[in-house]
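This report describes selected features of the structure shown below, taking helix packing, sheets and individual residues in turn.

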Amino acid sequence: MYQNNKKYLLLVGYVLLLLSHTVLANDMWNVLHSLANTKTVHQSQAPGIRHYQGGQRPLTKTIVYAGYAKTFLPIKQLITQGQWQQAYTLQKQKIADDDVNFLDSVETGLLALDSHQLDDSLKYFTEAEQYLKLQAEKSVVEDGVVSFGSEAFSVITGAGEVTDYNGEPFERILMLNYKSIAYLLNGERKAYNVTRRAIDWQNIEHKEFEQTLELAKKEINQKQAEINEHQNNKKLPDANNIFQVIADQYGRSKKIALSVPSAYVNPFGFYMAGIVQEFDSFDEPALRDNARISYKKALKLNPKSKVIKQALREVKRRPRAKKRLVHVVIADGFAPAKKLLQFVLPMPGGLVPVKLPIYEVVPSKIAHIKIKSGRRTLATVSSVANIEAIVLRHQLDSLPLQHFKVIASIARSTAENMLWGQLGVIGQIGKSFRESFANPDLRGWMSLPKQLLAARFYVSKRIRKISIVSYDKRWRKLATSIIELPQNKHSFIYARTIDDQINANVNKTLWVN
Amino acid sequence: MKKILLLTLPFILIGCSNSHLGGQSRVSILDDSSRAHLQAELTMSDYTAFAEKVTNKMLRSRLVQSWGRKRPKLIVGKLVNNTDNESIRMQDIYDRITETILSSGLVRLMDPSATSFDYVVKTELSSTRQYGNNGEELAYYKLEFKLFKIDGEMVGQWSDVLPLGKASRRFL
C-alpha cells in the first residue's frame, strides 16, 4: 500500500518536475527573497500560534509519529508485547505487494530472526544487500535522473518519502551485523565472511560521509553569507538565528550523541570476527592470535566495554580445559524513533511551518542483565555497540544537511502562502490537501535495538541450562528466560530484550569440534 | 515522420554504442590470469582455474616430485574461506583440488577422517579489497596451501594471487 502511494506520488512528481526547473535552477534564497516581499499571508491569519521571535519567546513545537514511522507502529506494538511471530506475520502481509526495497527487507529480516526463522532472516538480509548493490550499479545518468526527479518532487511538494531509500550508513552496517548473527545462530562460519564486509563497509561509509559533510558545510557557508547580506538589507531574518532555532531542537539528545566520537564506531563487526576466530581456535590454536587482534580492534572503538576487555584478556591465554565457551549477544530495547518535528518560523511574508525529522530516544526499563546457572551468576552483560548513541551522533553530525532542508521548506512555504492566498477558498482546500502529504523523510529501521550487549563465559560440560535475567535500575527482576544449551558444545546465544520481555535463541551445531 | 526518424536515429545509435562501451568500461584485465568481470567477485571459472594453478604449483615442486613412486598418503584439509564473500562455492574449489591431485598419480588421497596418513595439506582462501571514490574496486584473492608432516612440521607452502578489478560507475 505504501509502495502504491509512492508510485502515485512519483507520477505526480514528474508532472511537477517540469514546473520545478524554474525553482531549482534559481538560487533558493533569491526565490525566497523575492517571495518574502509579497505580503500575502499575515501573522494575524494564523491565530493562536506562538512563534519564535529572536529568542524572546519559547518556540511552539510538536514531535509526533508520522509517515513510515507511524505505519510501522502496530508492528512495534506487537513486538513490545512479545508477540514476535504475529509481528513477523503482519510485516510479511504489509510488504506482500511491494517491490523489494531496503527498509522492508531489513525490518522483515530482523523480525524473522526474532521469530527464530533463520533461513527467512538470511533471505531478507541478502535481499536488502542485493538491493543496495543494484542501486550502486546504476549509471551516473540513470541515478542522476531518478534522484533529481524525485528530489525535485520532494522539495516542491514536501513529500520526503518518494525517493529511493538506501538506508542510513549505520543501518547498512547493522544489516550486515544482523546477517552475521543469523549465520552464527545457524551454526555457519559464513558469519565471519559477512562480518569482514561489515568492517570494510564501515570504513567506506565513514570516508564518504566526511566528504558529503565537507561539501555541505562549504555550501552552507556560502548560503549563510548570502542570507547575511539580505539580512543587512533588513529583508530576511538572521541566518544564524534560523540555524540556531534548528540546532536547539536537537539539543536534548546532544549529551548521548557526544558520548561516541563519531557515528562510525560500531565495534560489533570486529567483535563478531573475534567470536568466530575464537571458536575457530578450538580446532586451530594458532588462530587464537587472530581473535586477539579482532577483540583489540573492537576495544579501540569502544574502550569502555567490559566484555571486550575481558575477551581480550582471556584470549591471550589457552582455552580452559574441559570447559565449553558460551558467547551471548543481547539486543536491548529500541533504537531512537524517527519522528516528525514541527514548528513555525516567522518570515517577512508570513508564518512558515517547518517540518523536520528528529530521532527521539525510546526509554527502556532494563538497566542490568545477568546470565545465571541456578542461583550462581555466570556473567553480567555489558555494552558492545551503543546503537542509540550512534544514531543520535549521526543526527548531530548531519545538522548542516538539515539546514538545507529548512531552506527548501521555507522557500516552498513562502511561495505557497502567496499562491494559495490568491485562490481564496479553493486555495485553502488545495493548501490543506498538499499539507496532508507534506512530511519529511521519516523512514528508518524501526525495529532496531537500542544497544547490542554481550557476555562471554566458560561453563562446565555438566551444565545443561542457563537463564537470562533482566532487572530495572533498582535491581527489581523484570523477566527471566531459560535456555537449554547444546550438549558438550560451544554455544552462541542471541536474545532480544524489551522491558519485561526476553526472547532467546540458541545456535544450531557450530562448525567447530 | 521520416525527418523525425532521421533526427532520432543518431541519438539511438549513440545511446546503444555508449551503453555497450559503458558495460565494457567496467571490466579491468589486470594480468594474464584475470578475467573479464562485471563485479570484483570470483566466478565459477575463476575458482577452478585458480585451484588448478596452485595445486599444480604444489605438484610440480621439488619436494612432491622427489616422492617419485612412493605415493605417500595425503589428506586435503577443509578449505577455509577467509574472504569477505560467503557465497563462494568452496566445495567446487575443494573438488577441483582433489581432482587435480588424484589425476597426477603422485599421492594416495585419503578421506579427511582417516587416521593413517603421511602428509596433510591445509588450504585457505583469503581476500583483500580496495575501494575508489566512484565505485571502483580492486580485490585480491589469495589461495594458499601449506603442507605438513604427521608430526606437525611444515614442509612446503604454495600460493597464488588473483587480482580482480571493477572500474568506476558507468556514465550512461
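Helix α8 (residues 169-185) of chain A packs against α12(A) at an angle of about 20 degrees, with the two axes 10 Å apart. The model is a predicted one, in which local features need pLDDT of at least 70, side-chain atom pairs count only at pLDDT 80 or more, and totals for chains, interfaces and linings use all residues; side-chain values use heavy atoms, with hydrogens and water left out. Residues are numbered from 1 along each chain as its sequence is written, while chains are lettered from A and ligands numbered from 1 in the order in which they are written. Helices (H or I, at least four residues) and strands (E, at least two) are DSSP runs, numbered from the N terminus. Axes are lines fitted to C-alpha atoms, for helices over the stretch in contact, and angles run from 0 to 180 degrees between N-to-C directions.

α8(A) and α12(A) are therefore roughly parallel to each other; angles under 35 degrees count as roughly parallel, over 145 as roughly antiparallel, 65 to 115 as roughly perpendicular and the rest as oblique. α8(A) passes α12(A) in a left-handed crossing, a term used if the near helix is turned anticlockwise from the far one by less than a right angle, clockwise being right-handed. In the contact (heavy atoms within 4.5 Å), N177(A), S180(A), I181(A) and L184(A) of α8(A) meet F268(A), G269(A), M272(A), I275(A) and V276(A) of α12(A). These residues divide into 6 nonpolar, 3 polar and no charged. Here Ala, Val, Leu, Ile, Met, Phe, Trp, Tyr, Cys and Pro count as nonpolar, Asp, Glu, Lys and Arg as charged, and the others, Gly among them, as polar.

## Packing of α12 and α13

Helix α12 (residues 268-280) of chain A also packs with helix α13 (residues 288-301) of chain A: their axes come within 8 Å and cross at roughly 160 degrees. The two helices are therefore roughly antiparallel to each other, and α12(A) passes α13(A) in a left-handed crossing.

On the α12(A) side, the contact is made by F270(A), Y271(A), A273(A), G274(A), I275(A), Q277(A) and E278(A). On the α13(A) side, R288(A), N290(A), A291(A), S294(A), Y295(A), K297(A), A298(A) and L301(A) take part. The residues of this contact comprise 8 nonpolar, 4 polar and 3 charged.

## Sheets of chain A

An open sheet of 5 strands in chain A has the order β7-β8-β2-β11-β12, with mixed pairing; two strands pair if DSSP finds at least two bridges between them. Its edge strands, each pairing on one side only, are β7 (382-385) and β12 (501-506) of chain A. Neighbouring strands of this sheet are turned by 30 degrees against each other on average, direction ignored. Within the sheet, β2(A) and strand β8 (residues 451-460) of chain A pair in the antiparallel sense over 10 bridges, and V328(A) stands opposite A455(A) in β8(A).

Strand β9 (residues 465-471) of chain A is joined by 7 bridges to strand β10 (residues 477-484) of chain A. K465(A) stands opposite E484(A), and S467(A) stands opposite I482(A). β9(A) and β10(A) form a hairpin with 5 residues between them, and W475(A) in the turn has a positive phi of about 65 degrees.

## Loop residues

Most residues other than glycine have a negative phi. K322(A), although not a glycine, has a positive phi of about 55 degrees; this residue lies in the loop between α14 (306-315) and β2 (323-332) of chain A. K322(A) is exposed, with a relative accessible area of 73%, where buried means under 20% relative accessible area, exposed over 50%, and partly exposed in between (1.4 Å probe, protein chains only). R71(B), also not a glycine, has a positive phi of about 45 degrees and is partly exposed, with a relative accessible area of 36%.

G333(A), in the loop between β2 and β3 (337-347) of chain A, counts as buried at 5% relative accessibility. Leaving aside its neighbours within four places in sequence, G333(A) is in contact with L448(A), P449(A), K450(A), R496(A), T497(A) and I498(A).
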